[in-house]
Amino acid sequence: MQTKTSLLSRIGAAELIALAVMVSALALPFFVSNAATVSLLTQIMIGVMGALSVYIMLRMDLMIFAVPAFMAIGGYTAAILSVRHDVTDVFLLVAASFGIPFLVAIPLGFLVLRMRGVYFVLVTFVLAEIMPLLLFETPRLTGGSNGIAGLPAVVAFGRPIEDSTSILFMCTALALLATAITVALTRVFRPQFESIRENELLGQSLGLLAWKYKIYGFCVSAGIAGLAGFALVEMLMTAHPSSFSALSSVNYVAYTIVGGQASILGPLVGAALLVWASNLFSLQGEVSQGLFGILLIVAVIFAKGGIVGVVEKLRPKPKASRLTAS
Amino acid sequence: MVEIVSAGLIGLSLGAQYALLALGFTLIFGIIGVVNFAHGGFYLLGGYVAYACVSMAGLPYPVAVLAAALATAALGYLFELLLLERVIDDHLSTLILTLGFSLVITTGIVLVFGPDAPLFQFPVQGVVRFLGIIVPLANIIVFAICFAAIGVAYALIYRTNFGRSLRALSEDRAVAEALGIRARLMFPLAFALATGLAGMTGALVTPILSLTPHAGEPVLAASFLVVILGGLGSLGGATLAAFLVGMIEAYAAVYLGGSKGALMLFVLVLIVLLVRPTGLYGRTARGA
């Protein structure tokens, strides 16, 4: 009992629930056989990783739009390694697709994290705009507008991951890894991140090396985005600039804000619901964008905590259970 | 020689468009402290309103441009008054709100006008030849109107009581309000002025460039580049940076081709930010 409470207080209830949900999601591939559902679940897992990347930066009150840029770095790293250098071992590829964006983020972070508030937001948006251009302009490395197609199957424990169910399992495992990393980072550096979010200047004057923790957060956020890029590239079996458009950054921001930015459950719930909803309206891609837009406006005006925040507010009231049940 | 001059002229005309867009963008930030992600959306809406006026209602083009400016200004006014005003002091919330609104505008346009690019041409065709230099007449007209509009915007901000009140609010809101300037009244008007400028630019420029439901995104990105370069909130910086960006884009398109121009701009922005993290004419950003 003693260990249970201390574990709970050390990790936090929301974090434990998130980890439990992701662990149990590992069982999904064994129950789901419908191709459309498998594809939807895989997309949700990728969305979760992208949203977690946004969530980490929001811990420090920084809104990031560069998630697709880091996804592209991670995805292309994996694609180039597997197509050109015959690296198919899943652990090597995962390490590379996390590590390369992480390393790229270090010098980039020194540059962009000097920017405060809105400047940071604008610069990350520009980064996301530039990444597809960079991919188009470097055809020898990235295949330019053709992208890199025909990725060989990733091998895990000597077994190739080929069919869509196995890819779903891999993406779920990646999302679990991303969740675990996020939990570890946000719990270990919680005081520092909160101090930066509440009042960076005050924190600094009390001796907090704010830039150091901002770099940590930025690098891990980039690494998790890289994992999402790797998963996306594996799902599509190709790496193409169109998968990493600047506009898609809005989706990851929407998942996090609509789901709820205050708790790690927010990105999970937001990604699951919004990816599901946009698949529901998949007849017209534009309609789902508009739906995201309306949800963002509603979340900002009426429900600051997003879906998770609303549920948390409703919970203690007896009437609420009827409301959520119906 | 001829090539250099004509690329320069195209750069000037691009610069004038960017200046008009960036003026509105930086005005909203300077006065209200809001990063308007819907700026590209208002530009797009202006283009479509003008298109609808010309092709559906059969109005003459100048009337259509005016209608576009008024319609986007009115929408901007209502958006500020009804939605933005509720979360005005939280910079993250205002950002997400404008982002959501821009998605709604784009979707609305697709639902009403369809996803394909409509045929919307500038009413004046033909070119001007001078010393072997060929410039489309449309570009000259747009350049002249943009230039005049920039002048009017400057006069409005620096020569009228309205502008003085706005600048007072951006300098120090508390003191300005204590002196009797009503932020509640001025903020929606400032927002309307900025979105009206964006809508007018859209109505003027989309017939020359292109009118598609996604024409707003590159415009937003260009506005960002300009205001980052010029320094957020600085009108002079934005105007200067707009012409710089226009020139670089025009020369890069002629001499480098492809998307190298955009890449060069990015490198330029990075260098400027390395040296001056708040832009050429910048001051400290608001918020955390």
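Let's start with the loop between α11 (210–236) and α12 (248–259) of chain A, where Met237(A) is found. This is a predicted model, so please keep that in mind throughout. Met237(A) is not a glycine, yet its phi is positive, about 65°. Is Met237(A) buried or partly exposed? It has 14 C-beta neighbours inside 10 Å, so it counts as partly exposed.

Asp61(A) sits between α4 (35–58) and α5 (67–84). Asp61(A) also is not a glycine, and its phi is positive at about 60°.

One more stop in chain A. Helix α13 covers residues 265–280, which makes 16 residues. From first C-alpha to last, α13 of chain A reaches 22 Å, close to the 22 Å expected at 1.5 Å a residue.

Next, where the chains meet. On chain B, 41 residues are in contact with 35 residues of chain A. Three helices of chain B each supply at least two residues of that side: α4 (91–113), α9 (216–230) and α11 (260–275). Which one gives the largest share? That is α4(B), with 15 residues. By type, chain B's side divides into 28 nonpolar residues, nine polar and four charged.

Now inside chain B. Two packed helices are described by the angle between their axes and the distance between the axes. Take α1 (residues 2–32) and α10 (residues 235–255) of chain B. Their axes come within 6 Å and cross at roughly 145°. The crossing of α1(B) past α10(B) is right-handed. From α1(B), the contact includes Ala7(B), Ile10(B), Gly11(B), Leu14(B) and Tyr18(B). From α10(B), it includes Ala242(B), Phe243(B), Gly246(B) and Tyr251(B). The residues of this contact divide into 17 nonpolar, five polar and two charged.

On to α8 of chain B, residues 183–205. How far apart are its end C-alpha atoms? They are 32 Å apart. The 23 residues should span 33 Å at 1.5 Å a residue, so the two values agree. α8(B) is mostly covered, with 18 of its 23 residues buried.

Strand β1 (residues 127–130) and strand β2 (residues 133–136) of chain B pair in the antiparallel sense, over four bridges. Opposite Val127(B) stands Pro136(B) of β2(B). Two residues lie between the strands, and Leu131(B) in this hairpin takes a positive phi near 55°.

Last, Phe122(B). Look for it in the loop between α4 and β1 of chain B. It has 17 C-beta neighbours inside 10 Å, so Phe122(B) counts as partly exposed. Which residues does Phe122(B) touch, not counting those up to four places away in sequence? They are Ala138(B), Pro207(B) and Ile208(B). Leu9(B) is 113 residues from Phe122(B) along the chain, and their C-alpha atoms are separated by 19 Å.

Conventions: Residues are numbered from 1 along each chain as its sequence is written. Chains are lettered from A and ligands numbered from 1 in the order in which they are written. This is a predicted model: local features need pLDDT of at least 70, side-chain atom pairs count only at pLDDT 80 or more; totals for chains, interfaces and linings use all residues. Two residues are in contact if their C-beta atoms, placed from the backbone, lie within 7 Å. Ala, Val, Leu, Ile, Met, Phe, Trp, Tyr, Cys and Pro count as nonpolar, Asp, Glu, Lys and Arg as charged, and the others, Gly among them, as polar. Two strands pair if DSSP finds at least two bridges between them. Axes are lines fitted to C-alpha atoms, for helices over the stretch in contact, and angles run from 0 to 180 degrees between N-to-C directions. A crossing is left-handed if the near helix is turned anticlockwise from the far one by less than a right angle, and right-handed if clockwise. The expected span of a helix is 1.5 Å times one less than its number of residues. A residue is buried if 20 or more other C-beta atoms lie within 10 Å of its own, exposed if 12 or fewer, and partly exposed in between; C-beta atoms are placed from the backbone.
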